[in-house]
Amino acid sequence: MKKIIYAILALPLLINISFAETDEEKGLKIAKQTYENSRGFVDSQSDQVMILIDPNGNEVVREIAGKTLENNDPNDGDKSITFFKKPKDVEGTIMLSHTHIIENDDQWIYLPALGRVKRISSSNKSGSFMGSEIAFEDFSGSDYRKYDWKYLGEEENDGEVLFKIESFPKYENSGYSKRIGLTDDQFRTRKIDFYDRKSELLKTIFFEDYNLYLDKIWFADTFRVVNHQNKNSTIFKWLNREFNIGLDKRDFEKSSLLKLAD
């Protein structure tokens, strides 16, 4: 009986603790945990496949290679290189991305037809990446520090109860007014709805084929992007992931784009 009375007396305290957190604090906590669960890989390289699908179901397949360097500086982001291998019309195209937290990301693209490296303007990050439904700014979209967050509750999806959180880009030139995502109890993002500057649903990214790497990190090996406005889709797959292979900052300098192009 004493245990029951004690539990009843303690209940208001537990409720007060639970309700003491604001929806903004809850959303930030979930986003931060999701981000931190993907850290610790040091560096990586992989083969990738990008499939562009038009409303009639016609497909264009592109083969890509990618490298990423994890940045442990709490005030800066990761660096990545994306190299297009096939088909012929995109062969040799390379994108270099240096993500930042407060400042605008630095991104450059090497176009073989021009034979030079072109800087991507900070006001053009919402544009389509190589004709896909992925925008340039999506390459740094997983860093929770680039958004303000709000917890919206829970939602059932395919028999699972998932956290529903809303995020608002701090980046003033973002092509999105907000995003609404679903995250599971292992803090893996399952899908994100992106809303355009008019606050209309633009596209959804589904995160699929999760695998556990290095015995500690869950990565989705497939991104499936559905554009609700133009009806195009993009499937992005990661293959042959390798980690901690000895990359360093010198592999991600602007000058390295020309070296890779040779």
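Predicted model: local features only at pLDDT ≥ 70, side-chain atom pairs only at ≥ 80, totals over all residues.

Q: Which residues touch the most other members of the largest nonpolar core?
A: Met50, Phe84, Phe129, Met130, Phe207 and Phe236 do, in a core of 24 residues. Strands 1, 10, 11, 12 and 13 each supply at least two residues of that core, and the largest share, 4 residues, comes from strand 11.

Q: What is Phe84 in contact with, leaving aside neighbours within four places in sequence?
A: Its partners include Met50, Phe129 and Met130, along with Arg62, Glu63 and Ile64. Val90, Glu91, Gly92 and Thr93 are also in contact with Phe84.

Q: And what other core lies apart from the largest one?
A: There's another core of 10 residues, among them Leu69, Ile81, Trp108 and Val117.

Q: Switching to strands: in what sense do strand 1 and strand 2 pair?
A: Antiparallel, over 11 bridges. Ile53 has Glu59 in strand 2 as its bridge partner. The two strands form a hairpin with 5 residues between them, and Gly57 in the turn has a positive phi of about 90°.

Q: How many bridges are there between strand 2 and strand 3?
A: 7, again in the antiparallel sense. Thr68 is bridged to Ser80 in strand 3, and this hairpin has 6 residues between its strands.

Q: Where's Lys26?
A: In helix 2, residues 23-36. The C-alpha atoms of Lys26 and Leu152 are 9.2 Å apart, though the two are 126 residues apart in sequence.

Conventions: Residues numbered from 1 in each chain as written. Heavy atoms only, no water. Core = buried A, V, L, I, M, F, W, Y, C linked by side-chain atoms within 4.5 Å. Buried < 20%, exposed > 50% of the residue type's maximum accessible area, 1.4 Å probe, protein only. Contact = heavy atoms within 4.5 Å. Pairing = 2+ DSSP bridges.
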